[in-house]
Amino acid sequence: MLIKSRRTCLHIHMACGIMEICCACTVMLNAYYWGSHRTIYAQVVGVAGLIHAATAVVQTGIVFGARIIMRPSYYWVALMHFVAATATLSAPERPQRVIAQYIVLCIFTWCRVYIAVIGLLNYGTACVYTLSISLAGLTMFPHVLGAPANCAGMTSLTRHPGPNAPIIFISYLSFTAVLWAWTAGVSFDSMEWGELTSEGVRLELFDYEAMARWRNLSANATPEVRSDAADSTCTDSRPARRARLPLALCLTAWTKTGAALWT
Amino acid sequence: MLAPQLLHTCFDTPQASALTMAAVSTFFNFLVIFYHMTQCALLLRSTVAIRLF
């Protein structure tokens, strides 16, 4: 269960994320399809991005996956989001900056895509969340940083342009892991290190096993019990329960469609 | 002076790949939102069903 402050933080996080997606899509459609640009949408994207990054930092302490990888990764993403939102707010008339910020946000989307792919392939499931977040970051960072930042480091090393963002990211993760172990005084073969690197995950919001158990329980109930339950439902005339029936029917229709698509 | 120059270097470079990636990500975004809404609806339906019956 979530405590109230965390739940409030999560609600603000989700609201800002949805607002950011909607306004960023509006900016992109305006700039590249309708040929106009209104800075107010870009400003909303920037402010929502700042709040989204701040609430992400607050929630990083309870992140899923291997904490030794996930905490530095989330701090990195939040920092990138913060910088991108600042860049958007400093020049809201430039849609490229909104796109860069939107791409940072889409790391969380690509994480879900990779979780689905890994589940489909049934490969790497032992560390599915950590692997998905890392792959999502590696997918999106080159597009966020832009061509000059991507190529600058590699060009200076090899005199040939090349993708630099993945190397920066992996070096950062290795550096923070070693720094964490050094500052906490943890050796790599200790139990504490094992806890930091073990995968903690809850992928589904809804518990399908509990639903199956509930259905089995209902199916195995005796006819008397079921008829009693039906009678008590039919004879119940309280308006609050009647008012919930359309909601239950709508939810049933929605979930049947969703279940047909996802299972 | 360095910070605006750095922001300009990183974020103001026109990248066709960035726009393509943003478009692809938008598709996945709405797919993921629909998926999570389905999960929330399942939860809500369970709650309503328990309260009703």
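Modeller: Gladly, and let us begin with a term: a crossing is left-handed if the near helix is turned anticlockwise from the far one by less than a right angle, and right-handed if clockwise. Please keep in mind that this is a predicted model.

Biologist: Which hand does the crossing of helix 1 of chain A and helix 4 of chain A have?

Modeller: Two packed helices are described by the angle between their axes and the distance between the axes. Here the axes of helix 1 (residues 4–34) and helix 4 (residues 95–105) of chain A come within 10 Å and cross at roughly 145°. By the rule above, the crossing of these two helices is left-handed.

Biologist: What classes of residue make the contact of helix 1 of chain A with helix 4 of chain A?

Modeller: Helix 1 of chain A brings Gly17(A), Glu20(A), Ile21(A), Ala24(A), Val27(A), Met28(A) and Ala31(A), while helix 4 of chain A brings Pro95(A), Val98(A), Ile99(A), Tyr102(A) and Leu105(A). Sorted by class, the contact has 10 nonpolar, 1 polar and 1 charged residues.

Biologist: Is Leu105(A) buried or exposed?

Modeller: Leu105(A) sits in helix 4 of chain A. Leaving out residues up to four places away in sequence, it touches Gly17(A), Glu20(A), Ile21(A) and His81(A). A residue needs 20 or more C-beta neighbours within 10 Å to count as buried. Leu105(A) has 25 C-beta neighbours inside 10 Å, so its label is buried.

Biologist: And Thr8(A), is that residue buried or exposed?

Modeller: Thr8(A) belongs to helix 1 of chain A, a helix in which Cys16(A), Cys23(A) and Val27(A) are among the buried residues. The limit for an exposed residue is 12 or fewer C-beta neighbours. Thr8(A) has 12 of them inside 10 Å and therefore counts as exposed.

Biologist: How far does helix 1 of chain A reach from its first C-alpha to its last?

Modeller: This helix has 31 residues, for which 45 Å is expected at 1.5 Å a residue. The model comes close to that, and the reach is 43 Å.

Biologist: What covers the buried residues of helix 2 of chain A?

Modeller: Helix 2 of chain A has 21 residues, and its buried ones include Tyr41(A), Val45(A), Gly49(A), His52(A) and Ala56(A). Their cover includes helix 1, helix 3 and helix 4 of chain A.

Biologist: What is the phi of Asn122(A)?

Modeller: Asn122(A) lies in the loop between helix 5 and helix 6 of chain A, and it counts as exposed because it has 7 C-beta neighbours inside 10 Å. Most residues other than glycine have a negative phi. Asn122(A) is not a glycine, yet its phi is positive, about 55°.

Note on methods. Residues are numbered from 1 along each chain as its sequence is written. Chains are lettered from A and ligands numbered from 1 in the order in which they are written. This is a predicted model: local features need pLDDT of at least 70, side-chain atom pairs count only at pLDDT 80 or more; totals for chains, interfaces and linings use all residues. Axes are lines fitted to C-alpha atoms, for helices over the stretch in contact, and angles run from 0 to 180 degrees between N-to-C directions. Helices (H or I, at least four residues) and strands (E, at least two) are DSSP runs, numbered from the N terminus. Two residues are in contact if their C-beta atoms, placed from the backbone, lie within 7 Å. Ala, Val, Leu, Ile, Met, Phe, Trp, Tyr, Cys and Pro count as nonpolar, Asp, Glu, Lys and Arg as charged, and the others, Gly among them, as polar. The expected span of a helix is 1.5 Å times one less than its number of residues.
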